[in-house]
Amino acid sequence: MATKYIFITGGVVSSLGKGIASASLATLLESRGLKITMLKLDPYINVDPGTMSPFQHGEVFVTNDGAETDLDLGHYERFVRLQLGKKNNFTAGRVYQRVIERERRGDYLGATVQIVPHITNEIKDLTQAGAAGADVALVEIGGTAGDIESLPFLEAIRQMSLELGRENTLFIHLTLLPYLKVAGELKTKPTQHSVKELRGIGIQPDILICRSEYPLPDEERAKIALFTNVASDSVFTSLDVDTIYKVPRALHEQGLDEVVVNKLALDCRPTDLSEWDSVVDKLNAPTADINIAMVGKYMDLTEAYKSLSEALLHAGINTKIKVNIHYFDSEEIEKTGTGCLSEMSAILVPGGFGNRGVEGKIATVAYARENNIPYLGICLGMQVAVIEYARNVANMGGANSTEFDATTPHPVVGLITEWQDEYGSTQTRDADSDLGGTMRLGGQECVLTNNSKAKEIYGKEVITERHRHRYEVNNTLIEKLEESGLKISGRSIDGSLVEMIEITDHPWFVACQFHPEFTSSPRDGHPLFEGFVKAATKAHNLILSA
């Protein structure tokens, strides 16, 4: 069967949840036995989001093959059993870069290089390469209808619908239905105008999904259908819900997947959402609750830690524990101290870049270590744990990372200059290397130490987790740290890099250089986060009984 394409666009406003809607539809189609893949096409000029501030774009999600991608790919992997990669997310910057490289080589044989056909052809080629081998490819277009930067992408998918045939392509448009309290009604005009914008460039949506706080009355549904030229039974609503994992069931009950299957003439079995129903049931019936402190520097925008927050939620689902995440700004802890953490069951310090708030994180580590509070450090969270231990236990005064203090007398963390990538090739970097795409990225194997908490948690000797960092624990100072009681519980497959540490005389103190949150999902969870939540639950019970 030739690959069928579902193109998902957005209108009216940004941040409507196209990624969740796309992932939810993919979930429904996957549950019907179809082979699914998903792509995100971003219209910004950055080659990838790797150098963009989390305040502007939220989290950077890392795939197993080392791509720094849009956070929507994290939603895709959490909803659908896919392992996505570099081919599943590309930007206008990457498209233009490839076209300009070809022009410089003379590949266009002297032709004038233009948006149409050269840029649009490149978009089509990359889209079809990413969709290869799937029964259905869901392709989400970033931005909103009417944005200047989105036009080449919309033109490309318009062309694809003509070239592949309307029987093999489907357009879904996600819009907003604002509710005016004064008038007491949902307003359909923004949706009408958004569809008009699409139709003006030659795209007629087949299906509308309208985000709303309130159910859509039948008369308003009929009005939208009339003025957008969309069948009334193809106008759906996506109501606000208390968890995103209820969205697949909500869309299924409205018949979205049945309409898609019929329009694309897909031969598949009935929908089976039993796994997702189980997820929601466990989420709604916790047996206890805990308070976990997440101490970082992007706390005003929790989207910067989206995968991490979701991984804690998944651990709660799979242990039937309600996880209450409390976000603390590490800069505030620098100013006011760690007293704000006194009622927390456990503490987590996530990854990050730059020296802002680092001393607050180090103070947080000291508080967790000295008070026997369960601690999980991730990436920078492991590095600050090593720095704190070196300073306060191993008598290495002034210990630091060279990222924060180039003249530190004890550089326990330093810039990695050479390592093997996931393909066994040697990668080299220095302080003058470009920032974009130059980190240790993607899935890397880690060997866990015998008789370690890490091996007990994972239940196996070799694991694969994803990385995104430039700095590593300094091998020349490890021996002194180990002599002081720090346990190296995981190393890279060649033994050259520290991957995990723990403190053996602490109830639960574990830190890792990698990002385990990128491989957590609501159905399967993740052993490291589940171990952390269990430790937090035990600590919480001790607090209550004190």
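Student: Which strands does H1 lie across, and at what angle does H1 run to E6?
Tutor: This is a predicted model. H1 lies across E1, strand E2 (36–42), E6 and E7. Its direction relative to E6 is about 175 degrees.

Student: Which strands does helix H3 touch, and what angle does its direction make with that of E2?
Tutor: Helix H3 covers residues 72–79 and packs on the sheet. The strands touched by H3 are E2, E5 and E6. With the direction of E2, the direction of H3 makes about 170 degrees.

Student: Are H1 and H3 roughly parallel or roughly perpendicular to each other?
Tutor: The axes of H1 and H3 lie 9 Å apart, and the two helices pack at an angle of about 25 degrees. Angles under 35 degrees count as roughly parallel. H1 and H3 are therefore roughly parallel.

Student: How many nonpolar, polar and charged residues does the contact of H1 with H3 have?
Tutor: From H1 come Gly19, Ile20, Ser22, Ala23, Ser24, Thr27 and Glu30. They meet Asp72, His75, Tyr76 and Phe79 in H3. By class, that contact has four nonpolar, five polar and two charged residues.

Student: Is H1 roughly parallel or roughly perpendicular to H10?
Tutor: The axes of H1 (residues 18–31) and H10 (residues 256–263) come within 10 Å and cross at roughly 70 degrees. The range for roughly perpendicular is 65 to 115 degrees. So H1 is roughly perpendicular to H10.

Student: Is the crossing of H1 with H10 left-handed or right-handed, and how do the contact residues divide by class?
Tutor: H1 passes H10 in a right-handed crossing. Leu25, Leu28 and Leu29 in H1 meet Leu256, Asp257, Val260 and Val261 in H10. The residues of this contact divide into six nonpolar, no polar and one charged.

Student: What is the order of the strands in the open sheet, and which are the edge strands?
Tutor: Seven strands form the sheet, with parallel pairing, in the order E5-E2-E6-E1-E7-E10-E11. An edge strand here pairs on one side only. The edge strands are E5 (89–91) and E11 (235–239).

Student: Are the two faces of E1 covered or exposed?
Tutor: In a regular strand, side chains alternate between the two faces of the sheet. On one side of E1 are Lys4, Ile6, Ile8 and Gly10; on the other are Tyr5, Phe7 and Thr9. All of these are buried, and both faces are covered.

Student: Which residue in E10 is the bridge partner of histidine 173?
Tutor: E7 and E10 (residues 207–212) run parallel, joined by five bridges. The partner of histidine 173 in E10 is leucine 208.

Student: Is serine 194 buried or exposed, and what is its relative accessible area?
Tutor: Serine 194 sits in helix H7 (residues 189–199). It touches Gly11, Val12, Ala145, His173 and Thr175, not counting residues up to four places away in sequence. Buried means under 20% relative accessible area. Serine 194 is buried, because its relative accessible area is 5%.

Definitions and conventions: Residues are numbered from 1 along each chain as its sequence is written. This is a predicted model: local features need pLDDT of at least 70, side-chain atom pairs count only at pLDDT 80 or more; totals for chains, interfaces and linings use all residues. Side-chain values use heavy atoms; hydrogens and water are left out. Axes are lines fitted to C-alpha atoms, for helices over the stretch in contact, and angles run from 0 to 180 degrees between N-to-C directions. Helices (H or I, at least four residues) and strands (E, at least two) are DSSP runs, numbered from the N terminus. Angles under 35 degrees count as roughly parallel, over 145 as roughly antiparallel, 65 to 115 as roughly perpendicular and the rest as oblique. A crossing is left-handed if the near helix is turned anticlockwise from the far one by less than a right angle, and right-handed if clockwise. Contact means heavy atoms within 4.5 Å. Ala, Val, Leu, Ile, Met, Phe, Trp, Tyr, Cys and Pro count as nonpolar, Asp, Glu, Lys and Arg as charged, and the others, Gly among them, as polar. Buried means under 20% relative accessible area, exposed over 50%, partly exposed in between (1.4 Å probe, protein chains only). Two strands pair if DSSP finds at least two bridges between them.
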